[in-house]
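This report describes the fold, the surface and selected elements of one protein chain.

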Amino acid sequence: MAHEALKERQSVMWGNGPFDEIAATIEDLHQSVVDALGAGPGDVALDLGCGTGRVAELLAERGATVSGIDLAPALVETAKERAAARGLAIDYRAGDCENLDGIGDATFDAVGSSVGIMFSPDHEASARELARITKRGGRIALANWKPGPGVQDLFKLMAPYQPAPPPSSPFEWGDEAKVTELLGDDFELSFETRTNTVDYESGDAYWQHMSQNYGPTRSLYESLGDRGEEMRSGWVEFFGAAPVSHARPYLLVTGVRR
């Protein structure tokens, strides 16, 4: 029940703000997932935790038959609008990667996720569903933020203001040993560490971008009242007043279904 209550909050939180502004800063992750999948005409593909649909769009442009699923209805609506504007036929729906109701076993030739599946609280359930819906010989590709310096810095800055610690760490999906534990029985896995870098004029500019556009940061800030300024000050102090070039390592997980 704790997980279900958390996911209810997440479904709203991720849609709080124009997330597509954030998605534009991780286009290299999206491209790495699509390149690793190698899907094209004749392949049935899924963008899991699709957000505003940028991985799904790249897959569709390569000729695959594509679906996209995300927990946040607001992000799914944005994805639908983007696809319509680009003339792409993508089947989007709101759904839970821990329980993919309506999707049969061994449905997909290719399943990709760009920092999506990693945020599901029940890692084992998501791993089971990933294995269940992927055809034998099918491919998966997951881009997940690694633990340590990088995106985890942002979550550490927010952690003191969270009402309760999360039941699991999304950054476990960026650890090779943990991913092997989750997926190694069902997939032949390979790993590569890559780095996404974002540049801002200052720590305050970084804060403004994230607090306005990134649902988790914006939602937390809006809930804090007067303490919101304290969180902002800590963020700005951490990154400083000079131009910021923040290197954010991620783990590219590629797997072939056994």
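The model is a predicted one, in which local features need pLDDT of at least 70, side-chain atom pairs count only at pLDDT 80 or more, and totals for chains, interfaces and linings use all residues. Residues are numbered from 1 along each chain as its sequence is written, and side-chain values use heavy atoms, with hydrogens and water left out.

Helix 3 spans residues 27–37, and its buried residues are Leu 29, His 30, Ser 32, Val 33, Val 34, Ala 36 and Leu 37. Here, buried means under 20% relative accessible area, exposed over 50%, and partly exposed in between (1.4 Å probe, protein chains only). The cover over these residues includes helix 2 (20–23) and helix 4 (54–61), together with strand 4 (108–114), strand 5 (134–145), strand 6 (187–200) and strand 7 (244–257).

## Overall fold

The protein contains eleven helices and seven strands. Helices (H or I, at least four residues) and strands (E, at least two) are DSSP runs, numbered from the N terminus. The radius of gyration is 18 Å, close to the 18 Å that the globule rule gives for 258 residues, so the protein is as compact as a globular protein of that length. This radius is taken over C-alpha atoms, and the rule is 2.2 Å times the number of residues to the power 0.38.

Along the principal axes, the C-alpha atoms fill a box of roughly 50 × 40 × 35 Å. Of the 258 residues, 53% are buried. Among contacts (heavy atoms within 4.5 Å) with a separation of 6 or more, 80% join residues 24 or more positions apart.

## Strands 1 and 2

Strand 1 (residues 44–48) pairs with strand 2 in the parallel sense over five bridges; pairing requires that DSSP finds at least two bridges between two strands. Asp 47 has Gly 68 of strand 2 as its bridge partner. Strand 2 (residues 65–70) is mostly covered, with five of its six residues buried.

## A buried lysine

Lys 7 lies in helix 1 (residues 2–13). This lysine is buried, with a relative accessible area of 5%. Leaving aside residues up to four places away in sequence, Lys 7 touches Leu 71, Asp 96, Glu 98 and Pro 121.
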